[in-house]
Amino acid sequence: MTVTVKNLTKNYGEIKALKGVSFDVASGELFGLIGPDGAGKTTLFRILTSLLLQDDGEAKVHGFDVVADYREIRKIIGYMPGRFSLYQDLTVEENLNFFATIFNTTVEENYQLIRDIYHQIAPFKTRRAGDLSGGMKQKLALSCALIHKPEILILDEPTTGVDAVSRREFWDMLARLRASGLTILVSTPYMDEASRCDRVALMDRGKILSINTPAGISDEFSRPLYAVKADRRYQLLKTLRSYPYTRSVFTFGELAHYTDSRDDFDPEMLRSHLEQEGLRDVRVELINPGVEDTLISLMTTESESIVDGNKFGKSGE
Amino acid sequence: MHNDNIIEVSGLTRKFGNFTAVDHITFEVKRGEIFGFLGANGAGKTTAIRMLTGLLIPSTGQATVAGFDVFTQTESIKKNIGYMSQKFSLYSDLTVVENIRFYGGIYGLRSRDIRRKTDELLERLGLADVRNRLIDDLPLGWKQKLAFSTAVIHEPAIVFMDEPTGGVDPITRRQFWDLIYEASDRGTTIFVTTHYMDEAEYCDRVTIMVDGRIDALDTPGGLKKKYGAEDIDEVFVKLARGGVA
């Protein structure tokens, strides 16, 4: 195992940022940490990169302890923090040279590692980093994180706030890096990006709720899931929420994803109920759950107060 | 005369030096509509929104928002719209009630109206029990409800939302859309940007900006049909691919 994390905990005052997190990452694996803001992803990465001390538990990267062997850790890790943290008033070229120099290497020596990524920003190499577009900053930050030939790359939400096309391109870059044998640990709040990872850990509020392959995550969803569609979406939602047999209902694009509380549920019963309530063009279809369905389901079993949140607008409980 | 369009934009353009950030965009937003405003990073969305909210004077073209001109009546625009950005704009070391009072004051409501509005909001949002708690102590979902409610405390006809759900967990994200539906149901127009393509499907109509222009504007269903795509994500990729390096 390249990364082993055992029972890590970290508190900031009263806030429990990590509540005992454990996982392993194999060499050459592309491992995703998926979860919303406040899940603990950044705290975990800061501990793994030796920038923050845990309260309890241990973490090792390539056999080096993140506390005792922090000097070794810093040599073998390439880290791209969530916030753009290159030197804004240095040029593209100067930033890259700077990072190569502090790791006792040169841009030339490891250029083949970053060639694919860097050639896209090379035309702007005399531009200050602060004047680059969001997509170009991201490519420069990735180049700087790779220039010392790290054993493992740690990327904290590299695609947050990035548009759908640039996100795809970024994941294509990661796939190529992975193919070259690099171990990659990446966090994201976008559930749809889970499918690009070998394995993912679903995180929420300081805990890992599940670790699995993207396909395996779907299998954890324990009940039949139906996609429901009708002519008026808001009316459909309200009707489903007041239906006594509804176990859960969440919007997914133009569909509502629905589970029923009965074991002998027949979709036809729901369809006729919705039509009686005045909805038209009703379709009820059995579907395969996605990563987001599973995370929502794991989050709701984790905390009952969230289930109440489902019936939003009547809260106060 | 009653006008069914709350936003009317015609040939609106904004240049920065030689660079044309927004290039002759033309569209209307209907009263009560949920209007999704999408586009790649750097496509010109932010510049367009800044013009529509009275923060930036256009170079050429015409536009009215809630009946006010974006060249000459920017102060009236600011008073008559709601705005909510990515990070909930509540003061974390003020209490629930103090935040409501603050925003009521900012939007120029009279004290009597602020008191009435405060009671009404606390009741409707179910926050009466926590009225004197600091914002910092509230769960994310509650903060979100309150941030939305303070953005529309002056009952604007239209509210602009710039990536209101970024980084928010999947349940809270959907709860937020419930608020949007409710507001739309009451007749408020919603103008919203997002990077979550599934959220584009929640809108009545969607536009996708590419390189400062608006090439596509339709219902989500209409766009998918036109571009032969399974979902809006695919439409977006087909449209934006040409424009992104």
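In the predicted model, the side chain of A:Gln54 reaches the backbone oxygen of A:Gly57 at 3.2 Å, a polar contact being a pair of N or O atoms within 3.5 Å in which, within protein, one must be able to donate a hydrogen and the other to accept it, and residues adjacent in sequence count only if both atoms are side-chain atoms. A:Gln54 is found in the loop between α1 (41–48) and β4 (56–61) of chain A; helices (H or I, at least four residues) and strands (E, at least two) are DSSP runs, numbered from the N terminus. With a relative accessible area of 14%, A:Gln54 is buried (under 20% relative accessible area; exposed is over 50% and partly exposed in between, with a 1.4 Å probe and protein chains only). Residues up to four places away in sequence not counted, A:Gln54 touches A:Leu8, A:Thr9, A:Lys10, A:Ile47, A:Ala59, A:Val66 and A:Val67, where contact means heavy atoms within 4.5 Å.

In helix α9 (residues 267–276) of chain A, the buried residues are A:Leu270, A:His273 and A:Leu274. Viewed down the axis of α9(A), these residues fall within an arc of 95 degrees, so they line one face of the helix; the arc is that of the directions from the helix axis to the C-beta atoms. Their cover includes β11 (225–229), α8 (233–241), β13 (255–260) and β14 (283–287) of chain A.

In chain B, an open sheet of 6 strands has the order β6-β7-β8-β3-β9-β10, with mixed pairing; two strands pair if DSSP finds at least two bridges between them. The edges are held by β6 (81–84) and β10 (213–218) of chain B, each with a single partner strand, so one side of each lacks a neighbour in the sheet. Strands β7 (residues 158–162) and β8 (residues 189–193) of chain B run parallel and are joined by 5 bridges, with B:Met161 opposite B:Val192 in β8(B). Helix α1 (residues 45–52) of chain B lies across β3 (34–39), β7, β8 and β9 (205–210) of chain B, at about 140 degrees to β3(B); axes are lines fitted to C-alpha atoms, for helices over the stretch in contact, and angles run from 0 to 180 degrees between N-to-C directions.

Residues are numbered from 1 along each chain as its sequence is written, and chains are lettered from A and ligands numbered from 1 in the order in which they are written. Local features need pLDDT of at least 70 and side-chain atom pairs count only at pLDDT 80 or more, while totals for chains, interfaces and linings use all residues; side-chain values use heavy atoms, with hydrogens and water left out.
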